[in-house]
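Colleague: I have the model open and want a quick tour. Can you take me through the sheets, a couple of residues and some helix packing?

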Amino acid sequence: MRAAWVLPSLIEGSGGHRTILQNVQYLIRKGYECDVYVEDKGEVKNSEELRRQAETLFGKHDCRFILGYDIQGEYDIIFATAWFTAKVVRDCNSSAVKAYFIQDFEALFNPMGDGYILACNSYGYGLKPVTIGRWLSHKMQTEYRTPSRYFDFCADRRIYRPLPEAKKEHAICFVYQPDKPRRCSVLGIEALGIVKFLRPDVKIYLYGSNIKGNVWFEHENLGIIPLEKCNALYNKCEVGLCISSSNPSRIPFEMMAAGLPVVDLYMENNFYDMPNEGVRLAHTTPESIAQALIEILDHKETAAEMSEAGKRYMADKDLEHGFEQFYAAVSDMAARREPAEPAVYDRSYTRPAVSADVVMDEKLAEQSYAPPVIVDNSLFGRLKRIGFIRKSKLLRKLWYKLRGL
């Protein structure tokens with residue numbers, strides 16, 4: 001069996017690319033030959049240089065890396081992996097099964113407009129979806145009438161695990177990626193600012209991006225760190241904050257596997273994959289997120305219960321579990337077997353949202369808490385404010401490209 005994968009250009013630290021390549025490697029383990037076609041943005045010169053880049057960023061893989069989208073040869077199945085690759089797969093001249101490996105509702109990566117609508121259109125191209133998590137599969141079936149398969153959010157439990165020797169700190173870690181709007185970095189920083197104001201002794205760790213951003217309170221920005229250091233961070237913190245507004249991230253599940261209680265947003269994208277225990281979903285205000293974090297920080301018994309519940313939930317969700325689910329879906333698609341009937345998924349998270357209470361509001365009012373206005377002082381932010389980007393066609397095209405349009 002031969003499979004082709006059509007990928008966006010490689011990005012350092014990208015969990016999405018890491019997930020794709022892990023599943024590519026699993027298909028190879030099962031006897032597939034896999035070719036990985038990667039978007040040519042002029043960053044590498046040829047396929048050999050692309051292979052070296054992939055190895056540097058994500059380790060060795062046994063697939064063939066090909067620069068550009070000129071899909072040649074015969075395949076049994078071809079995967080789109082991002083909304084703008086779906087059209088490439090739809091239009092390629094091949095009798096292969098055309099599939100769609102979906103990790104996010106990518107329309108939400110864009111402002112409402114062309115980018116949003118074009119991404120939505122990609123779900124109606126007739127490709128066969130296999131999604132990470134149940135929410136996206138639910139969405140494909142209920143909103144786009146496309147029968148869909150899914151595999152669970154899992155964690156590499158050789159990496160993400162409790163470390164008995166780890167020394168706990170009175171600390172929070174936050175996945176801070178201001179270059180990815182779906183990560184809601186401003187919302188997270190405002191919430192952490194409230195926590196730091198009310199609990200000055202709490203240490204704040206930021207990680208996930210080399211962008212420093214505008215953070216006015218004391219913190220430590222670790223940047224992009226190796227996976228093993230992520231696990232060490234989860235073991236020394238008391239609670240983790242990870243926000244993803246376009247699908248759950250894999251990170252909360254990795255945090256739970258390490259025994260770290262998690263806070264995320266009370267939004268539909270989290271209702272179908274997050275467990276009731278091990279996680280607290282907060283209303284989308286900074287005050288509510290701060291309250292969820294403080295409740296875990298202040299109540300050691302609650303934190304301990306959440307830690308144990310998270311470990312139990314992830315006990316049977318090693319990567320191999322997800323790989324097997326994915327392989328079963330691919331086998332059905334390659335054999336052109338349709339799902340028996342559209343699945344109906346129940347919500348897995350049924351708790352009410354954590355919402356800021358009167359006490360929180362009164363404390364902030366009494367102490368005259370006034371967070372600073374967060375301004376984008378990056379080069380593009382400054383140029384955008386003075387209107388220079390609007391006046392320069394080249395910079396405008398670059399700006400839209402960076403925003404994913």
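Predicted model: local features only at pLDDT ≥ 70, side-chain atom pairs only at ≥ 80, totals over all residues.

Colleague: What is the strand order in the open sheet of seven strands?

Modeller: The order is 3-2-1-4-5-6-7, and the pairing is parallel. Strands here are DSSP runs of E, at least two residues, and helices are runs of H or I, at least four, numbered from the N terminus. Two strands pair if DSSP finds at least two bridges between them.

Colleague: Which strands stand at the edges?

Modeller: Strand 3 (64–67) and strand 7 (149–151). Each has a single partner strand, so one side of each lacks a neighbour in the sheet. From one strand to the next, the twist averages 25°. Axes are lines fitted to C-alpha atoms, for helices over the stretch in contact, and angles run from 0 to 180 degrees between N-to-C directions.

Colleague: What does helix 12 touch on that sheet?

Modeller: Helix 12 (residues 319–334) touches strand 1, strand 4 (77–80), strand 5 (97–102), strand 6 (128–132) and strand 7. Its direction makes about 160° with that of strand 7. Contact means heavy atoms within 4.5 Å.

Colleague: How many bridges join strand 1 and strand 2?

Modeller: Six, in the parallel sense, between strand 1 and strand 2 (residues 33–38). Ala-3 has Cys-34 as its bridge partner in strand 2. Strand 2 also pairs with strand 3, over four bridges. There, Val-36 is partnered by Phe-65.

Colleague: Is strand 1 mostly covered or mostly open?

Modeller: Mostly covered. Five of the six residues in strand 1 (residues 2–7) are buried. Buried means under 20% relative accessible area, exposed over 50%, and partly exposed lies in between, using a 1.4 Å probe and protein chains only.

Colleague: Why does Val-6 count as buried?

Modeller: Because its relative accessible area is 0%. Val-6 sits in strand 1. Its contacts beyond four places in sequence include Tyr-37, Tyr-69, Ile-71 and Phe-79. Phe-79 is 73 residues away from Val-6 in sequence, but 6.1 Å away in space, C-alpha to C-alpha.

Colleague: What about the open sheet of six strands? Which order?

Modeller: 10-9-8-11-12-13, with parallel pairing. Strand 10 (220–221) and strand 13 (279–282) are the edge strands, each pairing on one side only. Strand 12 (residues 262–265) and strand 13 share four bridges. Leu-265 stands opposite Ala-282.

Colleague: Last topic. At what angle do helix 6 and helix 10 cross?

Modeller: Roughly 50°, for helix 6 (residues 185–198) and helix 10 (residues 286–298), with axes that come within 8 Å. That makes helix 6 oblique to helix 10. Angles under 35 degrees count as roughly parallel, over 145 as roughly antiparallel, 65 to 115 as roughly perpendicular, and the rest as oblique.

Colleague: Which residues meet there?

Modeller: Among them are Leu-187, Ile-194 and Leu-198 from helix 6, and Ile-289, Leu-293 and Leu-297 from helix 10.

Notes:
Residues numbered from 1 in each chain as written. Heavy atoms only, no water.
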